[in-house]
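Subject: Structure handover

Hello,

Here is the structure for your files. My notes on it follow below.

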Amino acid sequence: MELELRHLRTVRAIADTGSLTKAAAALGLAQPALSAQLRRIEKALGGSLFDRDHTGARPTLLGELVLERARVVLPAVSGLQEEAVRFANAWATVERFRLGGTHGPLMGGLVDRLATAHPTAPVTTHTSWSVAEIASLLFDGRLDFALIGACGESPPPMADRLVWQVIGIDPVFVMLPENHALADEPELELSALADECWADVPGDGCFADCFTAACARAGFTPLSVYETDTASVVHLVQVGRAIGLCRATFPPTPGVVTRPLAGTPLSWRHLLGRHPRSPAASATAAAVAGHTRAAYTEAVRRSDSYARWLAAHPRFGEAP
């Protein structure tokens, strides 16, 4: 019998669990089948790998040697597989832009600028409410760049594996119907909205928890929070059903006004991500970052109220 990777995984599973019974359950095998497989592995390697008794299984000296090599070989093979998938998905010799993102306000501006600057290069997009899903696609090489947001100072997904660049930092504003009693106020205390229902887009980050915590600090618990798509959030605000939560760069919308919250209890970071070893992303990283910054600047410019607010709050806006 020739030794295979699955045999090393079997040996490691027995060592990690300390029991053939537990290892069999972890591997989805019947214990007699695992015992028979271990005997074949031990025969191929020339000796016993484990001392076994009623207390469990402990590696022999030969077993320790095999485990030491397995701890090197298995991660190396796994890394090779990941790198090969990423390379196969990279299309390194073809100029194209595969963008992923949440349903934020900057994706359209970035697509427009890339299509203008690179008219022959295909630009495709993938959107999801889940930043974890977007990050996974980026890591696997199925996307070249990701445009997402992160609440406050919370870390982006896969922060140790992907490169994330801060494009801008926005306060979270509220959306009011234009006929709301507080619509003419330049700034609102969160506590003044304690009796309102709320609407926001869903996500898998910490924003919902941070909003609830901000409300608690303001002395109330939200009556209800509708999590729905952006168009539905806007509609609920327009008809007076709810107060919306939005980034300060939210574009002007008929029937809706956006206002800052006093003390800026919530903030949002716009992030551009890429894989550090992606050939396609590395070649165009500086250009894409420049286009993303330009799209962000244009989004700020479209909101006169936000531009005025930024003049008095210099720690927000485009990141240095």
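The side chain of Thr10 makes a polar contact with the side chain of Gln37, at 2.6 Å. A polar contact here is a pair of N or O atoms within 3.5 Å; within protein, one must be able to donate a hydrogen and the other to accept it, and residues adjacent in sequence count only if both atoms are side-chain atoms. This is a predicted model, in which local features need pLDDT of at least 70 and side-chain atom pairs count only at pLDDT 80 or more, while totals for chains, interfaces and linings use all residues. Residues are numbered from 1 along each chain as its sequence is written, and side-chain values use heavy atoms, with hydrogens and water left out.

Thr10 is found in helix 1 (residues 5-17); helices (H or I, at least four residues) and strands (E, at least two) are DSSP runs, numbered from the N terminus. Thr10 has a relative accessible area of 4% and is therefore buried (buried is under 20%, exposed over 50%, partly exposed in between, with a 1.4 Å probe and protein chains only). Neighbours within four places in sequence aside, Thr10 is in contact (heavy atoms within 4.5 Å) with Leu27, Leu34, Gln37 and Ile41.

Next, helix 2 (residues 20-27), whose buried residues are Leu20, Ala23 and Ala24. Seen down the helix axis, these fall within an arc of 100°, so they line one face of helix 2; the arc is that of the directions from the helix axis to the C-beta atoms. Lys22, Ala25 and Ala26, on the other side of helix 2, are exposed. The cover over the buried residues of helix 2 includes helix 1, helix 3 (31-45), strand 1 (50-53) and strand 2 (56-59). At the N-terminal end, Ser19 caps helix 2, with a side-chain oxygen 3.1 Å from the backbone nitrogen of Thr21. Just after helix 2 comes Gly28, with a positive phi of about 75°.

Ile169 counts as partly exposed, because its relative accessibility is 23%. Which residue lies 150 residues from Ile169 in sequence and 6.8 Å from it in space, C-alpha to C-alpha? That residue is Ala319. With neighbours within four places in sequence left aside, the contacts of Ile169 are Trp268, Arg269, Tyr296, Tyr306, Arg315, Phe316 and Gly317.

Regards
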